[in-house]
Amino acid sequence: MLIGSGEAAEGGAGVRQDRLVDSRLVFSGLPGSAREEILRELADRVGSRGLVPDPAALFARLIERERLGCTGLGGGIAIPHCKLADLSDVLVAVATTAAPVDFGAADGVPVRLLFVVVSPAHAAAAHLQALARISRLLRTPGVAEALRGADSQESLQDAVREAEATLPVTS
């Protein structure tokens, strides 16, 4: 999901306030039974949209971040995130997995819902802002359940749109 507007002060990387997720980066039922398989699939899909110059580099950065600390929040949700040098805007993807995948979350619950944040290396504030907006979204009653319960690409995109409508528009 592309959320960058290119108008913020941090070297051009910004966060659009009207929506969090670009429909090109919503993926339902990702195949894979291991964290690495899911992250590779996500990197390949984001790369196939032409939004990152090197999907292999994205995968490597996501794995590197997981080794620093688990991005599994608990409750079947993970937010893998990283920064890339050759990126101009913050990207956020949302995905569900075809089967639960162990991300090593503290609660031991396998992941079915992922938000992936990829930011320009120079955009620390925009990166944190995207993570904060996802956190707010997931704290909204019923949102996580609706996203996890989506059983098709269309229903996941609908759930994302409905969830985004709960976020306040900020300047």
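Strand S3 (residues 77-78) and S6 run parallel, joined by two bridges. Strands here count as paired if DSSP finds at least two bridges between them. Within this pairing, Ile 77 sits opposite Leu 113 of S6. Before going on, a word on what you're looking at: this is a predicted model, in which local features need pLDDT of at least 70 and side-chain atom pairs count only at pLDDT 80 or more, while totals for chains, interfaces and linings use all residues. Residues are numbered from 1 along each chain as its sequence is written, and side-chain values use heavy atoms, with hydrogens and water left out.

Back to S6, which has other partners. Strand S4 (residues 81-84) also runs parallel to S6, with four bridges between them. There, Lys 83 has Ser 119 as its bridge partner in S6. Val 101 and its S6 partner Val 111 form a bridge. S6 is also mostly covered, as nine of its ten residues are buried. "Buried" means under 20% relative accessible area, "exposed" means over 50%, and "partly exposed" is anything in between, using a 1.4 Å probe and counting protein chains only.

Now zoom out. The chain has five helices and six strands, and along the sequence they come in the order β-α-α-β-β-β-β-β-α-α-α. These elements are DSSP runs numbered from the N terminus, with helices being H or I over at least four residues and strands being E over at least two. Of the 171 residues, 48% count as buried. Among contacts between residues at least 6 apart in sequence, 66% join residues at least 24 apart; a contact means heavy atoms within 4.5 Å. The chain exposes about 7,600 Å², and carbon and sulfur atoms supply 52% of that. Those areas come from the Shrake-Rupley method with a 1.4 Å probe, and for residues only the protein chains shown count as cover.

Next, helix H1 (residues 35-48). Its 14 residues reach 20 Å from first C-alpha to last, close to the 20 Å expected at 1.5 Å a residue. The expected span is 1.5 Å times one less than the number of residues. Ile 38, Leu 39, Leu 42, Ala 43, Val 46 and Gly 47 are the buried residues of H1. Seen down the axis of H1, these fall within an arc of 165°, so they line one face of the helix. That arc is taken from the directions from the helix axis to the C-beta atoms. The background is simple: an α-helix has 3.6 residues a turn, so residues three or four places apart point the same way. What do the buried residues of H1 pack against? Their partners are strand S1 (26-30), helix H2 (55-68), strand S5 (91-101) and strand S6 (111-120). Just after H1, Gly 50 takes a positive phi of about 75°.

Val 26 is buried, with a relative accessible area of 3%. Setting aside residues up to four places away in sequence, Val 26 touches Val 21, Val 94, Gln 153, Leu 156, Gln 157 and Val 160. The C-alpha atoms of Val 26 and Val 92 are separated by 9.0 Å, although the two are 66 residues apart along the chain.

Helix H3 has 16 residues and reaches 23 Å from its first C-alpha to its last, close to the 22 Å expected at 1.5 Å a residue. Its buried residues are Ala 126, His 127, Ala 130, Leu 131, Arg 133, Ile 134, Leu 137 and Leu 138. They cover an arc of only 160° around the axis, which puts them on the same side of H3. The face turned away from that buried side carries the exposed residues Leu 128 and Arg 139.

At 5% relative accessibility, His 127 counts as buried. Leaving aside neighbours within four places in sequence, His 127 is in contact with His 81, Cys 82, Lys 83, Val 117 and Ser 119.

One of those contacts is a cysteine, so what about disulfides? The count comes to zero, taking a disulfide as a pair of cysteine sulfur atoms within 2.5 Å. Cys 82 is buried, with a relative accessible area of 5%, whereas Cys 70 is partly exposed at 35%.

Last stop: Glu 162 in helix H5 (residues 153-164). Glu 162 counts as exposed, at 57% relative accessibility. The C-alpha atoms of Glu 162 and Ala 146 are separated by 9.2 Å, and the two lie 16 residues apart along the chain.
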